[in-house]
Amino acid sequence: MAIMIWNQSYSVGVQELDEQHKSLIRMINEMHYAMNNDKGQEAISSIVEQMFDYMELHFTTEEGYMQQYGYLGLQAHQRQHEEFRVKARDLRERVNAGEFVLSFEIVQFLSDWLQSHIMVTDKKYTSLFAEKGLS
Ligand SMILES: [Fe+2]
Ligand SMILES: [Fe+2]
């Protein structure tokens, strides 16, 4: 069973960003599946790497639009992305060192973080982007 499912209430009104959020949700579900089905360390490492790389791409995309349209909440938003990056770096290092087994708590943390980040923080830029005609 999926740990997280995208629905219209997650929409930030910009198709490219919605698609990226959907991909991130899909990757979290893949991690959840790998964990539940005792996939090996290598499979888990590769999903974790893929997810964090994609998260980086997504942050860069969002921050680029925020900069381009002069979003006033840019710095606070970037701080949240940065906090996530610090956490992700630590997880990634531990996974790569082979000392880390993907746990339900980690998958739950990622899915909770993403859900609240989209619903609270990302949603704040929707009105500005809509005003600027980004869709
Ligand atoms: Fe986002
Ligand atoms: Fe964001």
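Glu62 is buried, with a relative accessible area of 0%, where buried means under 20% relative accessible area, exposed over 50% and partly exposed in between, for a 1.4 Å probe and protein chains only. His58 is likewise buried, at 1%. Both residues belong to helix α2 (residues 41-68), and because they are four residues apart, about one helical turn separates them. Helices are DSSP runs of H or I with at least four residues, strands are runs of E with at least two, and both are numbered from the N terminus.

The model is predicted: local features need pLDDT of at least 70 and side-chain atom pairs count only at pLDDT 80 or more, while totals for chains, interfaces and linings use all residues. Residues are numbered from 1 along each chain as its sequence is written, chains are lettered from A and ligands numbered from 1 in the order written, and side-chain values use heavy atoms, without hydrogens and water.

His58 (NE2) and Glu62 (OE) coordinate the iron ion (ligand 1) together with His21 (NE2) and Asp122 (OD), at 2.1 to 2.2 Å. Donors are N, O and S atoms within 2.8 Å of the metal (3.2 Å for Na, K and Ca); water is not among the atoms, so sites may look incomplete. The donor residues follow the spacing H-x36-H-x3-E-x59-D in sequence. Glu62 also coordinates the iron ion (ligand 2), which lies 3.5 Å from the iron ion (ligand 1).

Arg85, in helix α3 (residues 74-96), is buried as well, with a relative accessible area of 14%. Beyond its neighbours within four places in sequence, Arg85 is in contact (heavy atoms within 4.5 Å) with Glu56, Phe59 and Glu63.
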